[in-house]
Amino acid sequence: MKLSQYGYDFAPEMLAKYPAENRDESRLMVINRAKGSIEHRIFKDIIEYFDEKDLFVFNDTKVFPARLYGNKEKTGAEIEIFLLRELNRELRLWDVLVDPARKIRIGNKLYFGDDDLLVAEVIDNTTSRGRTLRFLFDGSYEEFKKALFALGETPLPRWVREKVEPEDAERYQTIFAAHEGAVAAPTAGMHFSKHLMKRMEIKGIDRAFVTLHVGLGNFRTVDVEDLSKHKMDSEQFFVTEEAAAAVNSAKELGHKVVAIGTTVMRTLETAVSTNGMIKPMEGWTNKFIFAPYDFTVANAMVTNFHLPYSTQLMMVAAFGGYDTVMNAYKVAREEGYRFGTYGDAMLIL
């Protein structure tokens, strides 16, 4: 498969700028790979396709307020910092992106908040836009994180909407978010409401949680035609003994295992052993899934409608079948489905 095969007629107005009024009332396109059929439903209808003891696997990562605005010392020039990951807790070191990057040098001090609540020093230039910052803060680690996150803004992607609004702090997050560390939300999970989760519980549908801290690499442009030459950014993940046992039990008993989103699918395919079972593990994954690929864990998945040429679209096409998925995208455009982070969902059976 080549990069050029993942383009489609895309227009900016296809992107959802705001979430559905209720989480579980987005539209849901249901694709049955065996029948080659497409159905149009509402997301909360999803439980009609599953039975008792089928297993939904969710990503319980939590998005933190990663975007900060500050000023450069002496000149007072405005700068935007995007926190990527904490490198060292004791030394307050963070890997960040800086915009504009060209004027920020090693040794520069950056000031954030009223009365310069936080000060950071640039100690390393890692890439053209990336930097390592050391925050200068005398209080405890808990006080530091509180100050840092109080200054931060929900990192809603700019291509969704330029201006972040108060509701984004809650809606750009799943209801089961538990482990802080993501700079982008696992969007397929955002369709699940408390009411829907309760209905699943009543029906006997099981659930398991893995953690993959979604990074900006999720949105990195693929710039090589030969997909085997593209390198994914590494993202930290955790699969507990409890989650592994739940997945393995469902597989052994012949129940469906449903990956809720591409991040869950990548985590499961990273943690699978040669016998097709999941093993508890934690670490970093840069696994890039594109066709042809033999999936060994999940036999159904939920995902949003992704942008052209994106690695997420490539994974979904590998799972659902290239022709089937690209045809579904054509139907979605004709039927007015909403694309992107706050858009509608697809269930592939």
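Which element gives the largest share of the lining of the second largest cavity? I start my notebook with that one, and the answer is α6, with three residues.

**Entry 1: ground rules**

I am reading a predicted model, where local features need pLDDT of at least 70 and side-chain atom pairs count only at pLDDT 80 or more, while totals for chains, interfaces and linings use all residues. Residues are numbered from 1 along each chain as its sequence is written, and side-chain values use heavy atoms, with hydrogens and water left out.

**Entry 2: the second largest cavity**

I keep the meaning at hand: on a 1 Å grid over the protein atoms alone, a cavity is a set of points where a 1.4 Å probe fits but cannot get out, and lining residues have an atom within 4 Å of a point. A volume is the space filled by probe spheres set on the points, and grid points are joined across faces, edges and corners.

The second largest cavity comes to about 50 Å³. Its lining includes Asn-218, Thr-262, Arg-266, Lys-287 and Met-315. The elements that give two or more residues to this lining are α5 and α6. I sorted the lining by class and wrote down four nonpolar, four polar and two charged residues. For the classes, Ala, Val, Leu, Ile, Met, Phe, Trp, Tyr, Cys and Pro count as nonpolar, Asp, Glu, Lys and Arg as charged, and the others, Gly among them, as polar.

Next I followed α5, which spans residues 262-271. Helices (H or I, at least four residues) and strands (E, at least two) are DSSP runs, numbered from the N terminus. Ten of the ten residues of α5 are buried, where buried means under 20% relative accessible area, exposed over 50% and partly exposed in between, with a 1.4 Å probe and protein chains only. Among them are Thr-262, Arg-266 and Ala-271.

What does the side chain of Arg-266 meet in a salt bridge? The partner is Glu-235, at 2.1 Å from N to O. This pair links distant parts of the chain, with Arg-266 in helix α5 and Glu-235 in strand β13 (residues 235-239), 31 residues apart. Both residues are buried. I also checked Arg-266 against Asn-88: their C-alpha atoms are separated by 26 Å, and the two lie 178 residues apart along the chain. Asn-88 sits in strand β6 and is partly exposed, at 25% relative accessible area.

I counted 15 salt bridges, each a side-chain nitrogen of Lys or Arg within 4 Å of a carboxyl oxygen of Asp or Glu. One of them joins Glu-80 and Arg-158, at 2.6 Å from N to O. Here too the chain is bridged over a distance: Glu-80 is in strand β6 (residues 78-88), and Arg-158 is 78 residues away in the loop between α1 (141-151) and α2 (168-171). Glu-80 is buried at 17%, whereas Arg-158 is partly exposed at 30%.

Another bridge, of 2.8 Å from N to O, joins Lys-330 and Glu-334. These two share helix α7 (residues 322-335), four residues apart, about one turn of the helix. An α-helix has 3.6 residues a turn, so residues three or four places apart point the same way. Lys-330 is partly exposed at 40%, and Glu-334 is exposed at 55%. I also noted that bridges with shared partners join Arg-67, Glu-80, Glu-153 and Arg-158 into one network.

**Entry 3: the nonpolar cores**

Which residues have the most contacts inside the largest nonpolar core? I wrote down Met-29, Ile-278, Phe-339 and Met-346, in a core of 67 residues. Such a core is a set of buried Ala, Val, Leu, Ile, Met, Phe, Trp, Tyr and Cys residues joined through side-chain atoms within 4.5 Å. Helix α6 (residues 311-320) gives the largest share of this core, seven residues. Leaving aside neighbours within four places in sequence, Phe-339 is in contact with residues including Tyr-8, Leu-15, Phe-305 and Tyr-329; contact means heavy atoms within 4.5 Å.

**Entry 4: the largest cavity**

My last stop was the largest cavity, of about 90 Å³. It is lined by 13 residues, of which Pro-19, Arg-171, Met-190, His-191 and Tyr-342 lie nearest its centre. I sorted this lining into four nonpolar, seven polar and two charged residues.

Terms used
1 Å grid on protein atoms, 1.4 Å probe; cavity = no way out; pocket = protein on both sides within 12 Å on 5 of 7 lines; lining within 4 Å.
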